[in-house]
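These are my notebook entries on a structure that I am opening for the first time. I wrote down each thing I looked up, in the order in which I looked.

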Amino acid sequence: ASLKLKEGPNDVTFSITTQYQGTCRCEGTIYLWNWDDRVIISDIDGTITKSDVFGQILPQLGKDWTHQGIAKLYHSVAENGYKFLYCSARAIGMADMTRGYLQWVNDGGTILPRGPLMLSPSSLFSAFHREVIEKKPEIFKIECLTDIKNLFQNNKQPFYAAFGNRANDVFAYKEVGVPLCRIFTVNPKGELIQEQTKGNKSSYGRLSELVEHVFPLLSKEQTEAFVMPEFSSFCYWRQPLPEINPDDLL
């Protein structure tokens, strides 16, 4: 209230004045969301980009290394009323570079929806070592997403769905309560896999055709797409059939 924030993104500038260095300014964005908003979590490296390492390097050289169809999918989901949160184990020193990349992605005039960018508050080398060499980005992601989840005190589960590219991401998303049927992982080939039915391979483009079923339109009158979303046709009926022994039927 004291900052007079409006709903959605608010561009702010932090400034500090010292005797020897003068005034230094740091620009940022504060997002004001409602307690009942539905949040979509998205990883960046390997999820929006095609790989972890080249996804950080090639866009700086002007090479498009983005998965095809992801911008249109995210845009359609955002149009239905969902908020996007970008969470990466990249170091906070890469904030400008990463934010610039997210704004640079353009798929035939469709851009990624705006959303908070959460990066690891550590040095570039330690973050790179943790994500690329140790392959343990879930340590930061669980802590970060848990803090964000705790901001929604009246809402038991603000996270509606999540996109990642590794088993580490799936583990982190499950730890913060994302429903298993709405956790998606993508491989370098662009194949999209739903964690609950790993045998079915899809893509960002095909999921775009099912947006109205997986991410139904949210109205202001309701806090959830369904009264009990875990029993929707997408989640409940897509569970694998139980194994049946023919001898038991005799």
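Among contacts in the chain between residues at least 6 apart in sequence, what percentage join residues at least 24 apart? I found 63%, with contact taken as heavy atoms within 4.5 Å.

**Ground rules.** I am working with a predicted model, in which local features need pLDDT of at least 70 and side-chain atom pairs count only at pLDDT 80 or more, while totals for chains, interfaces and linings use all residues. I number residues from 1 along each chain as its sequence is written, and side-chain values use heavy atoms, with hydrogens and water left out.

**Confidence.** I looked up pLDDT, the predictor's confidence in each residue, from 0 to 100, and noted a chain mean of 80, with 78% of residues reaching 70 or more. Over residues 52-58 the pLDDT is below 50, although this stretch has 19 contacts in the model beyond near neighbours in sequence. I remind myself that where pLDDT is low, the predicted coordinates should not be read in detail.

**The whole chain.** Of the 250 residues, 45% count as buried, where buried means under 20% relative accessible area, exposed over 50% and partly exposed in between, using a 1.4 Å probe and protein chains only.

**Lys-141.** I then turned to Lys-141, which lies in helix α5 (residues 138-151). Is Lys-141 buried or exposed? Lys-141 counts as buried because its relative accessible area is 1%. The side chain of Lys-141 makes a polar contact of 2.9 Å with that of Asp-43 and another of 2.7 Å with that of Asp-169. By a polar contact I mean a pair of N or O atoms within 3.5 Å; within protein, one must be able to donate a hydrogen and the other to accept it, and residues adjacent in sequence count only if both atoms are side-chain atoms. Leaving aside neighbours within four places in sequence, Lys-141 also touches other residues, including Cys-87, Ser-88 and Ala-89.

**Cysteines.** I searched for disulfides, meaning pairs of cysteine sulfur atoms within 2.5 Å, and the count came to zero. Cys-87 is in no disulfide, and the nearest cysteine sulfur, that of Cys-144, is 4.3 Å away. Cys-87 is buried, with a relative accessible area of 1%, whereas Cys-24 is partly exposed at 35%.

**Aromatic rings.** I found 10 aromatic pairs in the whole structure, counting rings of Phe, Tyr and Trp (its six-membered ring) whose centres lie within 6.5 Å, with planes under 30 degrees apart called stacked, over 60 edge-to-face and the rest tilted. The ring centres of Tyr-82 and Tyr-160 are 5.1 Å apart and their planes stand at 50°, so I recorded this pair as tilted. This pair links distant parts of the chain, since Tyr-82 is in the loop between α2 (70-79) and β4 and Tyr-160 is in strand β8 (residues 159-164), 78 residues apart. Both Tyr-82 and Tyr-160 are buried. Phe-84 and Tyr-86 form a stacked pair, 6.3 Å centre to centre with 25° between the planes. Phe-84 is buried, with a relative accessible area of 1%, and Tyr-86 is buried with a value of 1%. My last entry is a cluster in which ring pairs link Tyr-74, Phe-84, Tyr-86, Phe-163, Phe-184 and Tyr-204.

Technical notes:
Helices (H or I, at least four residues) and strands (E, at least two) are DSSP runs, numbered from the N terminus.
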